[in-house]
Amino acid sequence: MKEKVIEGKGKVKINGTVLIEDFFFYLSFSHSICLLGKSGSGKTKLLKNLLNLDKIKNSHYLVLAYFLEKESKIESVLDSSCLSQSEKLFVKKIGEDKSKKEYVGGLFKVICQRPDFLFLDDISKIFTLEERQKIFEIIRAHKIAVFYVTHDVEDVLFFPYTIILHQNKIAMEGKTKEILQEEKLMKLMGYSLPFYVNLSIQLKLYGVINHLCYSQKELEDNLWQVSHNL
Amino acid sequence: MASISQFIKYGDITVISNAPKKFLKEANDYGMVTSNFAIKKNVLEILKETTMPLEKIHKALLLVQFDKRLLKLSGIDLSDLEKKKLLLAYHLLTNKKVLIFDHLFKDCIYSEKQYFKRLLRNLASKQKMAILVLEEDMDFLCEFVLKIILYKGNNSFQEVSDFYDENIYKYLEKPKTVALVSSLESKGYFIDHEVTFSETLKAIYRGVS
């Protein structure tokens, strides 16, 4: 199986207004990507444009998208055989929240079709950070490559590769952990660092921990090690 | 049943978390800033309905940081945040004295949150407007340091005075500062109960060193 599968480039326009200049992308089976951009920067429009590209429409791959459509039948997802018992328990639990139930049904209906690629629009508007973490874990477990767009910097931690949009251009891209080293650039573009990365940078300066941490657990483990001189 | 009007205080900002749906309906009687509208006219046409001169319209758009590249787009083509900015500009141009924000901050990146925090404070303190913020972004609300009223269902409201009261998290997502400090305490560290990022950082340093 080739590493690079679908490549393309283009502008993103809406009614003649250019939102994103010269966007170049490639998608592969093992290469999930997060695109970070503020609200109104053209992220959703970009996803829709990509879906309409001939390269994607005519490819041999099953490419699906989820744009926060509502689907009332969560039961069909729970009845299907595509999810494991623990995954079904998770879906049932978040589906108990009436404000989320229809979105849960819609999202997992798409996941259960096991696409090769999933174009996913910003779910940070609907689901908590903890829920998003679990959703991305489930998507990974089903070996679905994702192209995810979001405005929430916390979401980049769930992806190995990040692209950042700023002033209608790609301002930065690369391995997520390397991108997060560029604190000053991120701040210039209006982003804070993810909470645990930001906190661990400060604590490292104080000598309380000895390396960058990307999660609560990592931070606590490092605190423990340093305070016990391990 | 309580009404949103009892929380309107001129010159003040009040945050209501987990607000009942009834409040969203009542908010339409005031200056409601929401993305829940579908207007096909373009942005400039919508704002011209205020009968304000173009110069004032452009000033209002600048104040709310609306991207002028989007002026010719129709209301339905805008992102959630741009819709809210458009409505905010509209209400400012029509001199609304009560503004109700329907989850403004959850659509914002960091710099936008800081900007709107300052703008809302300005509108309340200098223009004596009543600002109501319907919001559950607890990570940000902790930093905002404002009065937060929590709706607990069955017509019951509580002012949030202690972010370390576990009972409030039946209705809200726990802020990361509180989650971290609580977890560290359970592991035997003595950390002061702080809620903002900078104070939590100092508290961890003191508690761990």
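User: How should I read burial here, and is A:Arg132 buried or exposed?

Analyst: Burial is judged from relative accessible area, computed with a 1.4 Å probe on protein chains only: under 20% is buried, over 50% is exposed, and anything in between is partly exposed. A:Arg132 counts as buried because its relative accessibility is 3%, and A:Asp155, with a relative accessible area of 0%, is buried too. Bear in mind that this is a predicted model, in which local features need pLDDT of at least 70 and side-chain atom pairs count only at pLDDT 80 or more, while totals for chains, interfaces and linings use all residues. Residues are numbered from 1 along each chain as its sequence is written, chains are lettered from A and ligands numbered from 1 in the order in which they are written, and side-chain values use heavy atoms, with hydrogens and water left out.

User: What joins A:Asp155 and A:Arg132?

Analyst: A salt bridge requires a side-chain nitrogen of Lys or Arg within 4 Å of a carboxyl oxygen of Asp or Glu. A:Asp155 and A:Arg132 form such a bridge, their closest N and O atoms being 2.8 Å apart. A:Asp155 sits in the loop between β6 (145-150) and β7 of chain A and A:Arg132 in helix α6 (residues 129-141) of chain A, so the pair ties together parts that are 23 residues apart in sequence. The element names follow DSSP runs numbered from the N terminus, where helices are H or I of at least four residues and strands are E of at least two.

User: How many salt bridges does the whole structure hold, and which residue of chain A pairs with B:Lys187?

Analyst: Over all chains, the search finds 22 salt bridges. B:Lys187 is paired with A:Glu220, the closest N and O atoms being 2.9 Å apart. This pair crosses between chains, running from the loop between α7 and α8 of chain B to helix α10 of chain A. B:Lys187 counts as partly exposed because its relative accessibility is 45%, whereas A:Glu220 is buried, with a relative accessible area of 7%. Elsewhere, salt bridges with shared partners join A:Asp97, A:Lys100 and A:Glu131 into one network. Within that group, A:Asp97 bridges to A:Lys100 with closest N and O atoms 3.9 Å apart; A:Asp97 is partly exposed at 31% relative accessibility, and A:Lys100 is buried at 9%.

User: How far is B:Lys83 from the nearest side chain of opposite charge?

Analyst: For charge, Lys and Arg count as positive and Asp and Glu as negative, with His and the chain ends not counted. B:Lys83, in helix α4 (residues 80-93) of chain B, is buried yet has no salt bridge, the nearest side chain of opposite charge being B:Asp80 at 4.8 Å. Contact means heavy atoms within 4.5 Å; setting aside neighbours within four places in sequence, B:Lys83 is in contact with B:Thr34, B:Ser35, B:Phe37, B:Gly75, B:Ile76 and B:Leu78. In chain A, A:Lys43 belongs to helix α1 (residues 43-51) and counts as buried at 8% relative accessibility. Not counting residues up to four places away, A:Lys43 touches several residues, including A:Leu35, A:Val149, A:His151 and A:Leu165.

User: Against which elements do the buried residues of α9(A) pack?

Analyst: In general, an α-helix has 3.6 residues a turn, so residues three or four places apart point the same way. Helix α9 (residues 195-205) of chain A is mostly covered, with eight of its eleven residues buried, among them A:Phe195, A:Tyr196, A:Leu199 and A:Leu203. These buried residues pack against α8 (183-188) and α10 (216-227) of chain A together with α7 (176-186) and α8 (197-208) of chain B. Just after the helix, A:Gly207 takes a positive phi of about 80 degrees.

User: What is the mean pLDDT of chain B, and how many helices and strands does chain B have?

Analyst: pLDDT is the predictor's confidence in each residue, from 0 to 100. Chain B has a mean pLDDT of 92, with 100% of its residues at 70 or more, and the complex is given an ipTM of 0.89 and a pTM of 0.91. Chain B contains eight helices and six strands, and 54% of its 209 residues count as buried. Among contacts in chain B with a separation of 6 or more, 63% come from residues 24 or more positions apart.
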